[in-house]
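Open the model in your viewer and keep the selection tool at hand. The stops below say what to select and what is there.

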Protein chains: 2
Amino acid sequence: MSVKSGNIKAIEHRVSDLERSRRQGHQGGVFWLTGLPGSGKSTLAFELERRLFDAGRQVYVMDGDNLRHGLNSDLGFAPQDRAENIRRVGEVAALYAGSGMITLTAFISPYRADRQGARKAAKGNFHEIYLSASLEACEGRDPKGHYKMAREGKILDFTGISAPYEAPENPELVIDTGVMAVEESLRVLLDYVESACRVKDA
Amino acid sequence: MSVKSGNIKAIEHRVSDLERSRRQGHQGGVFWLTGLPGSGKSTLAFELERRLFDAGRQVYVMDGDNLRHGLNSDLGFAPQDRAENIRRVGEVAALYAGSGMITLTAFISPYRADRQGARKAAKGNFHEIYLSASLEACEGRDPKGHYKMAREGKILDFTGISAPYEAPENPELVIDTGVMAVEESLRVLLDYVESACRVKDA
């Protein structure tokens with residue numbers, strides 16, 4: 001998206017990313033969990049946050065339920081609102097990562113173009129993590145009963161049932177949460193994040 | 001603002017604010033610098049960030065120039081865009097503070113209602129800091145030459161000249177940066193922030 005307001009020039013933050021990373025012993029980054037409803041995004045994100053925090057990391061989860069109460073409270077579920085929702089999340093996640101935070105996001109984010117925008121915002125510091133549990137697995141689990149309601153037509157435009165999910169084409173990591181147990185998935189995620197956030201000196 | 005999307009319930013972050021504060025030795029908070037153009041908001045914010053960082057704090061500056069490249073790149077300078085700009089900044093600053101960050105914001109934010117919204121978003125963790133340098137002082141300094149251009153009609157709706165600035169009525173801190181030197185202002189700010197961010201145990 002182009003910048004609508006002219007004559008704006010970016011000011012260098014006086015504390016550099018490298019300084020922040022060195023002091024805290026790791027870099028920030030955006031770890032973008034995507035997958036069907038019920039694929040385990042929030043469960044894994046909050047549990048991963050807990051473990052990374054316990055390991056001494058700076059870490060924060062952004063998820064739809066929380067953001068919709070504040071920043072995105074002006075947005076509904078119409079297609080353009082969903083796109084704007086993900087655009088803002090991508091931008092805020094990028095800001096967070098720039099401040100040294102390991103930023104975990106848990107959004108269905110069904111469209112490739114929207115995820116591509118989030119990747120662009122994070123300027124190379126973006127990790128697309130596809131929780132590839134199949135529709136059958138997610139619907140079979142249906143932890144919130146939403147699939148049932150979608151099948152009954154009580155929820156419209158439900159991803160996987162009445163709205164598309166565009167699977168990632170080149171994600172940095174794929175975990176089939178339909179097959180892998182939570183504990184095992186967490187171990188894979190933890191290893192991946194720790195490795196990705198190792199400080200790379202200039 | 002009410003929440004447009006129904007059936008959304010806030011999920012508790014598994015890592016509590018208190019845990020974050022205890023580990024890093026201080027709380028987060030929003031420190032909202034407001035004042036006329038040229039009153040020293042960005043200068044003080046970035047220098048304060050440097051010193052707080054050197055003192056071992058988690059700190060980050062949000063300012064208009066940077067945010068307008070990303071999150072707010074869809075906004076111009078029309079009145080409703082300015083209001084939305086400040087609303088989003090307030091929400092993101094509140095999120096940051098919730099993740100334990102000392103969040104410094106540097107925005108003219110000329111309207112009381114907009115600052116009130118930012119205060120509300122931060123849920124009690126908000127410090128309005130009024131840099132009260134007079135119009136004469138700011139215009140006399142005119143570091144970017146914008147006042148001159150505003151007087152010549154080359155910039156429209158310029159706060160203090162052709163657009164109003166509503167001074168805070170009950171700010172937490174007032175610093176007359178038209179009179180006080182930068183170094184002195186920084187000392188006052190540093191003392192204030194350190195005191196406000198002391199960990200208050202439950």
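Is A:Gly140 buried or exposed? Select A:Gly140 and count the other C-beta atoms around its own: there are 12 within 10 Å, so A:Gly140 is exposed. A residue is called buried if 20 or more other C-beta atoms lie within 10 Å of its own, exposed if 12 or fewer, and partly exposed in between, with the C-beta atoms placed from the backbone.

This is a predicted model, in which local features need pLDDT of at least 70 and side-chain atom pairs count only at pLDDT 80 or more, while totals for chains, interfaces and linings use all residues. Residues are numbered from 1 along each chain as its sequence is written, and chains are lettered from A and ligands numbered from 1 in the order in which they are written.

**Stop 1: from helix 6 to strand 1 of chain A**

A:Gly140 is found in helix 6 (residues 135-141) of chain A. Helices (H or I, at least four residues) and strands (E, at least two) are DSSP runs, numbered from the N terminus.

**Stop 2: the neighbours of strand 1**

Strands of a sheet pair through backbone hydrogen bonds, either parallel or antiparallel. Two strands count as paired if DSSP finds at least two bridges between them. Select strand 3 (residues 102-106) of chain A: strand 1 of chain A pairs with strand 3 in the parallel sense over five bridges. A:Phe31 has A:Leu104 as its bridge partner, and A:Trp32 stands opposite A:Thr105.

Next select strand 4 (residues 126-131) of chain A, which also pairs with strand 1 of chain A in the parallel sense over five bridges. The bridge partner of A:Trp32 in strand 4 is A:Glu128, and A:Thr34 stands opposite A:Tyr130.

Go back to strand 3 of chain A. Five of its five residues are buried. A:Ile102, A:Leu104 and A:Ala106 point one way, and A:Thr103 and A:Thr105 the other. Strand 2 of chain A runs parallel to strand 3 of chain A and is joined to it by five bridges; A:Asp63 has A:Ala106 as its bridge partner there.

**Stop 3: the whole sheet of chain A**

In what order do the strands of chain A lie? Five strands form an open sheet in the order 2-3-1-4-5, and the pairing is parallel. Strand 2 (59-63) and strand 5 (173-175) of chain A are at the edges with a single partner strand each, so one side of each has no neighbour in the sheet. The twist averages 20 degrees from one strand to the next. Angles run from 0 to 180 degrees between N-to-C directions, and axes are lines fitted to C-alpha atoms, for helices over the stretch in contact.

**Stop 4: two helices on the sheet**

Select helix 4 (residues 79-98) and helix 5 (residues 112-121) of chain A. Helix 4 of chain A lies across strand 1, strand 2 and strand 3, at about 160 degrees to strand 3. Helix 5 of chain A lies across strand 1 and strand 4, at about 150 degrees to strand 4.

Two packed helices are described by the angle between their axes and the distance between the axes. Helix 4 and helix 5 of chain A pack at an angle of about 20 degrees, with axes 8 Å apart. They are therefore roughly parallel to each other (angles under 35 degrees count as roughly parallel, over 145 as roughly antiparallel, 65 to 115 as roughly perpendicular and the rest as oblique).

Show the side chains where they meet: residues of helix 4 including A:Ala83, A:Ile86 and A:Arg87 meet A:Asp114, A:Gly117, A:Ala118 and A:Ala121 of helix 5. Contact here is C-beta atoms, placed from the backbone, within 7 Å.

**Stop 5: chain B**

Switch to chain B, where five strands form an open sheet in the order 2-3-1-4-5 with parallel pairing. Its edge strands are strand 2 (59-63) and strand 5 (173-175), each pairing on one side only. To finish, select B:Tyr130, which stands opposite B:Val174 in strand 5 of chain B.
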